[in-house]
Amino acid sequence: MAQASQISALELNCPINVEHDRKRRQFTVRLNGSHDRAVLLYEYIGKKTVDLQHTEVPDAYRGRGIAKHLAKAAMDFVVEEDLKAHLTCWYIQKFVKENPQPQYLERVFH
């Protein structure tokens, strides 16, 4: 039943559910049930520093704002955990530039 609601959520432009897997160091959005997924990968490069490395959304789901939700979840995680962030991923660089919130900017290495 949950899978059907996730498909409907994308089709009806409802809120997108971002899951954080700390063990695998990734944020994901399940698409089309659990088969397809969008992902944002990160790595710890220090005790309190993360490298936001890569964001990927399958071609069929691009242009729906999914990457934006992943980037926001990742930056909110950086803020909540009081971390510093290195932005290797070009999309997250773009997200921070388009959303220049002080709590994001003060945690990004330039």
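D82 sits in the loop that separates α2 (66-80) from β5 (84-87), where helices (H or I, at least four residues) and strands (E, at least two) are DSSP runs, numbered from the N terminus. Its phi is positive, about 55 degrees, although D82 is not a glycine. Most residues other than glycine have a negative phi. The model is predicted, with local features requiring pLDDT of at least 70 and side-chain atom pairs pLDDT 80 or more, while totals for chains, interfaces and linings use all residues. Residues are numbered from 1 along each chain as its sequence is written, and side-chain values use heavy atoms, without hydrogens and water.

The helix α2, which D82 follows, has 15 residues and reaches 21 Å from its first C-alpha to its last, close to the expected 21 Å at 1.5 Å a residue; the expected span is 1.5 Å times one less than the number of residues. Its buried residues are I66, A67, L70, A71, A74, M75, F77 and V78, buried meaning under 20% relative accessible area, exposed over 50% and partly exposed in between (1.4 Å probe, protein chains only). Seen down the axis of α2, these buried residues fall within an arc of 165 degrees, so they line one face of the helix; the arc is that of the directions from the helix axis to the C-beta atoms. An α-helix has 3.6 residues a turn, so residues three or four places apart point the same way.

R25 lies in the loop between β1 (19-21) and β2 (26-31), and is partly exposed, with a relative accessible area of 28%.
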